Amino acid sequence: MLRTGDRIKEYTIEANSKLNDQYTGTKQAIRLIAEEKVREFMVTGDIGLNKEEKELLVAFIAGGMMQSFSLGYGVGKVEGETKKQVYL
């Protein structure tokens, strides 16, 4: 029997895979949100970034959002199976 942490890890990996297949719309939405956040950052901070710098920042933000999505997916699946909340 898998421990809760191992199950969360397994489901998090599953979610990562689904972002590239079944949830491509979610992945695209995350990228659009990240691009908007970069624009807001540039305006608020009055900072100019070249194309490569903008893309790198978008990739960092989107990557963090995708990790959060995948972890939330994993925790949610475990909570659904165990019928109790999981605290990290």
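At 41% relative accessibility, Glu-81 counts as partly exposed, where buried means under 20% relative accessible area, exposed over 50% and partly exposed in between (1.4 Å probe, protein chains only). Glu-81 sits in helix α3. If its neighbours within four places in sequence are set aside, Glu-81 is in contact with Arg-7 and Tyr-11; contact means heavy atoms within 4.5 Å.

Welcome to the rest of the structure, which is a predicted model: local features need pLDDT of at least 70, side-chain atom pairs count only at pLDDT 80 or more, and totals for chains, interfaces and linings use all residues. Residues are numbered from 1 along each chain as its sequence is written, and side-chain values use heavy atoms, with hydrogens and water left out.

**The whole protein**

The protein has three helices and zero strands, and along the sequence its pattern reads α-α-α. Its radius of gyration is 16 Å, well over the 12 Å that the globule rule gives for 88 residues, so the protein is more spread out than a compact globule. That radius is taken over C-alpha atoms, and the globule rule is 2.2 Å times the number of residues to the power 0.38. The C-alpha trace spans about 50 × 25 × 15 Å along its principal axes. Of the 88 residues, 22% count as buried. Among contacts between residues at least 6 apart in sequence, 67% join residues at least 24 apart.

Helices here (H or I, at least four residues) and strands (E, at least two) are DSSP runs, numbered from the N terminus.

**How the helices meet**

Two packed helices are described by the angle between their axes and the distance between the axes. Axes are lines fitted to C-alpha atoms, for helices over the stretch in contact, and angles run from 0 to 180 degrees between N-to-C directions.

| Helix pair | Axes come within | Crossing angle |
|---|---|---|
| α1 (residues 4-19) and α3 | 7 Å | roughly 130° |
| α2 (residues 24-44) and α3 (residues 51-82) | 8 Å | roughly 130° |

Helices α1 and α3 are therefore oblique to each other; angles under 35 degrees count as roughly parallel, over 145 as roughly antiparallel, 65 to 115 as roughly perpendicular and the rest as oblique. The crossing of α1 and α3 is right-handed: a crossing is left-handed if the near helix is turned anticlockwise from the far one by less than a right angle, and right-handed if clockwise. On the α1 side, the contact includes Arg-7, Ile-8 and Tyr-11, while α3 brings residues including Phe-69, Val-78 and Glu-81. By class, this contact of α1 with α3 has ten nonpolar, six polar and five charged residues. Ala, Val, Leu, Ile, Met, Phe, Trp, Tyr, Cys and Pro count as nonpolar, Asp, Glu, Lys and Arg as charged, and the others, Gly among them, as polar.

Helix α2 is also oblique to α3, and their crossing is right-handed. Residues of α2 including Ile-30, Ile-33 and Phe-41 meet residues of α3, among them Leu-57, Ile-61 and Phe-69. The contact of α2 with α3 has 13 nonpolar, one polar and six charged residues.

**Two residues with positive phi**

Asp-46 is in the loop between α2 and α3. Its phi is near 50°, a positive value in a residue other than glycine. Asp-46 is exposed, with a relative accessible area of 72%.

Lys-83 lies in the segment after α3. Phi of Lys-83 is near 60°, again a positive value in a residue other than glycine. Lys-83 is exposed, with a relative accessible area of 72%.
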